[in-house]
Amino acid sequence: MILRRRFLLPTFSRPKRPPRRALAANAALQWLDDELASLALPRLDSFACARLLQRCIARRDARAGRAVHARVVQRGGVARLDAFCANILLNLYAKLGPLAAARGVFDAMPERNMVSFVTLAQGHALRGEFDEAAALFRRLRKEGHEVNQFVLTTILKLLVTMDAPGLAWGVHACACKLGHDRNAFVGSALIDAYSLCGHVGDARCVFDGITAKDAVTWTAMVSCYSENESPEDALVVFSKMRMAGSKPNPFALTSVLKAAVCLSSVTLGKGIHGCSVKTLYDTEPHVGGALLDMYAKCGDIEDARIVFELIPHNDVILWSFMISRYAQSYQNEQAFEMFLRMRQSSVVPNEFSLSGVLQACANIAFLDLGKQIHNLAIKLGHESELFVGNALMDLYAKCRNMKSSLEIFSSLRDANEVSWNTIIVGFCQSGFGEEALSVFREMRAEQIFSTQVTYSSVLRACASTASIKHAVQIHSLVEKSTFNNDTIVSNSLIDTYAKCGCIREASKVFEALKECDVVSWNAIISGYALHGHATHALELFSRMNKSKIKPNDVTFVALLSVCSSTGLVSQGLSLFDSMRINHGIRPSMEHYTCIVRLLGRAGRLNDALKFIGDIPSAPSAMIWRALLSSCVVHKSTALGRFAAEKVLEIEPEDETTYVLLSNMYAAAGSLDQVALLRKSMRNIGVKKEPGLSWVEIKGEVHAFSVGSADHPDMRMINAMLEWLNLKASREGYVPDINVVLHDVDEEQKARMLWVHSERLALAYGLAMSPPGHPIRIMKNLRSCLDCHAMFKVISKIVQREIIVRDINRFHHFEEGKCSCGDYW
């Protein structure tokens, strides 16, 4: 019975819920039905439909808009709508898509007006379909529709978006014919277009012709002058704007602040700051950012910090600006502090704030913190951003971690010239000149644009490897580029040619310079100093004094250095006094070192010691090392020992001091002292730097060490050495075995002289280069007396110029003589 009742009971099925996707469409239909019902209209009302479509556009509800369109179709289609409602439906699809639907509505409209064409053209422009948009404007004119201010401004905005503002002249002519050229709306758009073209005069003509100027018009003209590097005119227009009673808006204030930056006038910037305070725009993000930029560039970074603290901190751009400015001014602690504060706030770092704090890490080679920022960039998804990638590469390169830098470079999808330059500079800073040149070749193969930094860096790489062939090739590339008259690149060329032994070429580059700066003068004077040409260096200094360029501390280091290497004691002392008294330059340790070397090399050791005692601050290890080196030359053992003790007090593991002291004891015959000193060096782990020499043959650099026998052409090198030994002996050459400081017999000492690294490099250079071609050798240590004498003899035998660059200077051997005059 219970079972029966159970089956007799009425059953109710659960109503099925409509799919979620249909809810919005149903709501839109109900919404439309409700609206139509409320109006109690039996047929479609264009006004009611237009109101509904505008609400869809405002809410960006494309699905509801399509539902309204569907109801329109059900009640007769677009043809039943008036032009006003049809244009709103067209605008819906133009803004929210799909554009094909907009095109369908446009084609179905029985009557199209100017608004119809402009609306569809804007839809094409939003999607980058500029040709289609332009075609619609041509069709509008062809079909005889009205061309009013709205059409003209839309066309002008389209041209700017197409990056074709140069076509604004045609639109301007059309506006003049139709009498719209004096309209503020059209005039502002014309000014913007002419500004992008750089035609400031045309923009000013438009501006002057506008009868009723509004704030937008004034702002457009101020911005035009600021963007085209006419800051004075921007300020004049801004002043007239204020006198005309037009209140400046944030865009006018940011533009005139940019003009203040161009003029480097913090006073002017403060005046504009006051104006922004009066108009209550000082806390507006764009104005605040412009104020920060102005104070950071024209005043003090702390002024920018005050402004930053006064404006809202919810904009990541402002945080990024402050972090980057602190990093660029090497105030790294403040950059870290700002980044930490940003992390503690609700603001999430972007690629610019991350790259700014990474630059601060790179400034001080703070690798540990840099790795933490790298991990944060990965978590935030910014590790593939170009700015972050370049900053990470720079950090790892400056921390001598080129492997990690190259890994990041390889992972970048859109590496630009900054990325390539970072790798090249990184290799140069790490001492890998050949690798830097290899990367430059790859950069050229990838057709990446070479910048000022690129050329300066690869030229530095050529200088470090003394690769004259590559230097000449890069010079040719520079001449074909837009940097052929660039002062910075020319300065690098001067420095490179000088360090590659081509001082004449360096002089040619200098004399061809149109604009010289202090770096140009220093580069050529230092070049002549490096080659020991004191007369030329002093003549150039005299010319420099007659020019508008004032010498700096680097200039006097070069001058004092050349006086030291050529024995011009009185001139050197006179220059030192002139530097302090006439030029007001405070001597640095480098200047003091040059004077100690000047006096010591001339044999005035007691004067050098007295001079050290008169130095107002504690002498550096470099100064005592210069005195020790002079003591070795003049065999002053007691004073040399005293100088060595002073150096080792400051730098206990300085290998150069141990080597100089050992050589001094050996030259004095104190072999027991030599043995004790070498034992002491072994106990503390100090090793003598091996002598290395390099020679460039056909663009390839070959390295040799003392007694090396691993070169593939060693048999040819030994044969050339035997021939040179035979020829030199016939010319009267006698080996100076006293320079060999080992306790071996005289015959062994003579054999040891012939395997010095510079002689191996010379033999290979003579064997592999054509007759008459100069030989260029670079050595990491000071040349020994016997090799110096031998090179003079060989230069006469082979009738070639032999150019040797040792750790101190260049030696040009020719016709049995050396440019140093045996004084170095």
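In which sense do strand E1 and strand E3 pair, and over how many bridges? Select residues 692–697 for E1 and 775–779 for E3: the pairing is antiparallel, over three bridges. (Strands are DSSP E runs of at least two residues and helices are H or I runs of at least four, numbered from the N terminus; two strands pair if DSSP finds at least two bridges between them.) Within E3, Lys779 is the bridge partner of Ser693.

Before moving on, note that this is a predicted model, where local features need pLDDT of at least 70 and side-chain atom pairs count only at pLDDT 80 or more, while totals for chains, interfaces and linings use all residues. Residues are numbered from 1 along each chain as its sequence is written, and side-chain values use heavy atoms, with hydrogens and water left out.

**The sheet**

Now show all six strands: they form an open, mixed sheet in the order E2-E1-E3-E4-E5-E6. E2 (700–705) and E6 (817–818) are at the edges with a single partner strand each, so one side of each has no neighbour in the sheet. Next select helix H44 (residues 785–798), which lies across E3, E4 (802–805), E5 (810–814) and E6 and runs at about 40° to E5. Such angles run from 0 to 180 degrees between N-to-C directions, with axes fitted to C-alpha atoms, for helices over the stretch in contact.

**A helix pair**

Go to H36 (residues 605–613) and H37 (residues 621–634), packed at about 170° with axes 11 Å apart. That makes H36 roughly antiparallel to H37 (an angle over 145 degrees). In contact (heavy atoms within 4.5 Å) are, among them, Leu605 and Ile612 of H36 and Trp624 and Leu627 of H37.

**The cores**

Leu627 is also one of the residues that touch the most other members of the largest nonpolar core, together with Ile191, Ile474 and Ile525; this core has 168 residues. (A nonpolar core is a set of buried Ala, Val, Leu, Ile, Met, Phe, Trp, Tyr and Cys residues joined through side-chain atoms within 4.5 Å.) A second, separate core of 28 residues includes Val695 and Phe791.

**Two last stops**

Finish at Asp233 in H14 (residues 231–243), which is partly exposed at 36%.

Conventions. Buried < 20%, exposed > 50% of the residue type's maximum accessible area, 1.4 Å probe, protein only. Parallel < 35°, antiparallel > 145°, perpendicular 65-115°, else oblique.
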